[in-house]
Amino acid sequence: MSMNEFLSTYGALIVGMVLAAILALSLYLPLMAGQLSLASPGFYALGGYIAAVLSTKVLLQNGQAISPFPVHLLLFEMLLAGIIAGLLAVLVGVLALRLRGIYLALATIAFVEILRVLSLNLDITGGAIGIFSIPQPFTNAIQYLLIAAPLLLLSAAFVYRLERVRAGRALLAIREDELAADTMGINPTFYKVAAFTLGAALASMVGALSAHFLNTWNARQGTFDASIAYLAFVLVGGSRTFLGPIAGGMLLTALPEFLRAVAGIGGLPGWLSQFLREGRLIIDGLLIVLVTIYFPQGLITPDLFKRRRKAAEKKES
Amino acid sequence: MDFGHLLQQILNGLSIGSVYAIFALGYTLVFSILRIINLSHGAVFTLGAYFTYTLTGEPFGFNGVLARAALPFGLPFPLAMLTGGLVAGLVGVAIERFAFRPLRERGADPLLTLVSSLGVAVVLVNVIQYLVGAEIYSYPGNVLNTFGNVPAAINFGSDTNAIPVRTVQIVIFIFSLIILALLTYFINRTKIGKALRAIAEDPVTASLLGINVDRFVLLTFFLSGFLGGLAGTLVGLSVSIAGPYFGIAFGLKGLAVIVLGGLGSIPGAMLGGLIIGLAEAFVPAELVAYKEVIAFALLFLILLIRPRGLLGRAAAQKV
């Protein structure tokens with residue numbers, strides 16, 4: 001297979017993996033402070049609608065969508081989507097983050113459902129049909145990496161740094177014991193809302209990019225199913241280091257393709273290859289159950305690196 | 001709105017509200033004992049509806065592994081519904097055994113169990129889709145005719161100004177009231193119910209007093225699955241089985257019901273179900289598209305104003 005063939009076959013998958021990794025980071029941010037928020041798909045959908053409406057109804061040239069769509073306008077849409085989602089997140093966060101544990105998860109589920117039903121019924125979002133023919137800035141899928149990859153690198157670098165500075169340690173302290181953290185002079189509400197807002201802005205920016213990437217946007221983009229999928233990214237990958245969600249998002253997005261390839265291997269019994277092709281979501285669900293039971297911290301844990309470092313040190317001495 | 005139409009809306013609201021109540025009690029029973037929300041409850045609800053359909057002897061559609069398959073026999077509808085509920089209860093027991101107990105024995109974070117139950121929901125829903133496809137199923141004919149010839153609707157108005165209420169809605173309401181009454185009796189008046197309440201109050205003390213907690217947890221999951229399965233069949237009877245995913249939306253709405261009533265409160269779940277059912281019945285026709293928002297708007301509001309719900313007890317904060 002030549003490089004070009006490979007890219008045209010798997011270009012969309014590779015971009016999808018990178019976007020999934022960023023979405024997983026958006027859920028990981030509030031989780032750093034121990035807050036299980038399932039709101040990311042809501043903000044993702046919101047960002048997508050902002051980009052879809054702007055590029056098909058507002059930023060027109062002679063009454064037509066601009067095609068090819070200028071990259072600087074795409075970046076502007078992403079920025080705007082991030083800001084609007086951030087503002088909304090501050091509002092929702094101040095109200096909802098007084099709640100803890102299960103109550104917060106429930107409030108964010110309600111938030112996502114409310115946004116979904118609104119987008120199903122409002123005129124500006126195209127109702128149940130959604131918005132079609134969103135203009136493309138690029139001619140083929142793989143070129144979206146020009147924006148997706150830097151966004152992933154920036155957000156990963158940001159979270160990497162965050163885990164090592166005072167603000168990040170404050171988040172971890174809140175996760176371990178909110179009351180104790182409060183007593184030590186950390187303002188839990190401030191840090192929780194900040195983490196929630198950053199996650200929301202990130203998810204919304206990915207949404208804006210995805211709307212162009214997928215060419216069409218509708219209410220199916222922000223559903224409870226999507227909440228579960230993102231949660232699986234983080235939990236399967238690992239919820240104790242930023243590398244976990246990135247790995248989880250990439251692996252689980254590539255999994256169906258991988259299973260399809262396995263199903264194509266000759267010599268498998270018919271029922272097995274059918275299951276591998278069509279039972280992907282069953283396998284997803286089983287993974288969630290098994291990982292929570294047997295690997296409660298996910299596949300990639302901070303210990304993994306510590307152990308390797310120690311082993312390396314031993315070798316040197 | 002004249003009295004007749006008011007009555008019509010109230011009956012419709014009570015009918016669906018009482019099904020919400022039955023369904024939500026499944027969440028509440030598990031929560032009151034384990035302090036965990038079992039998010040696979042919506043999937044068990046769906047399973048119950050499909051079990052009943054299977055037991056009536058009807059064939060499946062053209063998609064999925066079991067395309068066109070059917071049982072060699074068919075039960076009359078009421079019997080199929082009860083058996084379907086029992087099988088759903090057994091599924092509940094299996095879920096406890098495989099997805100909850102390993103985490104409980106390790107004393108894991110309740111959020112992890114929440115996630116594990118979500119995984120179970122994903123598996124169940126997609127197993128249904130894999131086996132019988134995503135098409136819509138309806139129970140055969142007028143199932144009420146098991147009891148002789150029953151009219152499809154009862155007219156509460158006059159001949160000139162008809163105010164029909166579907167007979168199915170009335171039957172569902174009466175049946176649900178019976179189930180709710182039986183359950184209330186069971187929890188409050190029987191020895192097993194007393195043991196369940198003792199565990200809900202304090203599991204450690206209850207086990208010191210000789211109550212086998214593990215066995216009662218299994219019983220709770222069985223009851224929860226039974227109620228969920230029954231609710232699934234009732235909704236399938238009132239509307240239709242709208243594919244494997246129809247329990248997900250209902251499951252989320254059930255969360256609104258239990259939070260509104262107060263997490264872990266049995267009368268609260270009943271009250272919450274009826275309130276949300278009635279609130280939905282009174283949505284004006286021109287806003288009917290937004291009906292689905294009501295439950296979640298109420299959920300969000302109650303969480304902000306009074307997180308413990310209408311009848312819930314405030315959780316003591318351990319320091």
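The expected span of a helix is 1.5 Å times one less than its number of residues. In this predicted model, helix H8 (residues 213-238) of chain B has 26 residues and should therefore span 38 Å, which agrees with the 37 Å between its end C-alpha atoms.

**Helices of chain B**
- H8(B) has 20 of its 26 residues buried, so the rest of the structure largely encloses it.
- Helix H11 (residues 291-305) of chain B, with 15 residues, should span 21 Å, and its end C-alpha atoms are 22 Å apart, which agrees.
- Buried residues in H11(B) include Val293(B), Phe296(B), Leu299(B), Phe300(B) and Leu303(B).
- The cover over the buried residues of H11(B) includes H4 of chain A, as well as helix H9 (246-261) and helix H10 (266-281) of chain B.

**Contact between the chains**
- Chain A contributes 33 residues, in contact with 36 residues of chain B.
- On the side of chain A that touches chain B, two or more residues come from each of helix H4 (101-121), helix H9 (224-237) and helix H12 (280-294).
- H4(A) gives the most to that side, with 13 residues.
- By class, the side of chain A that touches chain B has 25 nonpolar, five polar and three charged residues.

**Helix pair in chain A**
- H9(A) packs against helix H10 (residues 243-264) of chain A at an angle of about 120°, with the axes 7 Å apart.
- This angle makes H9(A) oblique to H10(A).
- The crossing of H9(A) past H10(A) is right-handed.
- Among the residues making the contact are Phe233(A) and Val236(A) of H9(A), and Ile246(A) and Leu251(A) of H10(A).
- The contact of H9(A) with H10(A) has nine nonpolar, four polar and no charged residues.

Technical notes. Residues are numbered from 1 along each chain as its sequence is written. Chains are lettered from A and ligands numbered from 1 in the order in which they are written. This is a predicted model: local features need pLDDT of at least 70, side-chain atom pairs count only at pLDDT 80 or more; totals for chains, interfaces and linings use all residues. Two residues are in contact if their C-beta atoms, placed from the backbone, lie within 7 Å. Helices (H or I, at least four residues) and strands (E, at least two) are DSSP runs, numbered from the N terminus. Ala, Val, Leu, Ile, Met, Phe, Trp, Tyr, Cys and Pro count as nonpolar, Asp, Glu, Lys and Arg as charged, and the others, Gly among them, as polar. A residue is buried if 20 or more other C-beta atoms lie within 10 Å of its own, exposed if 12 or fewer, and partly exposed in between; C-beta atoms are placed from the backbone. Axes are lines fitted to C-alpha atoms, for helices over the stretch in contact, and angles run from 0 to 180 degrees between N-to-C directions. Angles under 35 degrees count as roughly parallel, over 145 as roughly antiparallel, 65 to 115 as roughly perpendicular and the rest as oblique. A crossing is left-handed if the near helix is turned anticlockwise from the far one by less than a right angle, and right-handed if clockwise.
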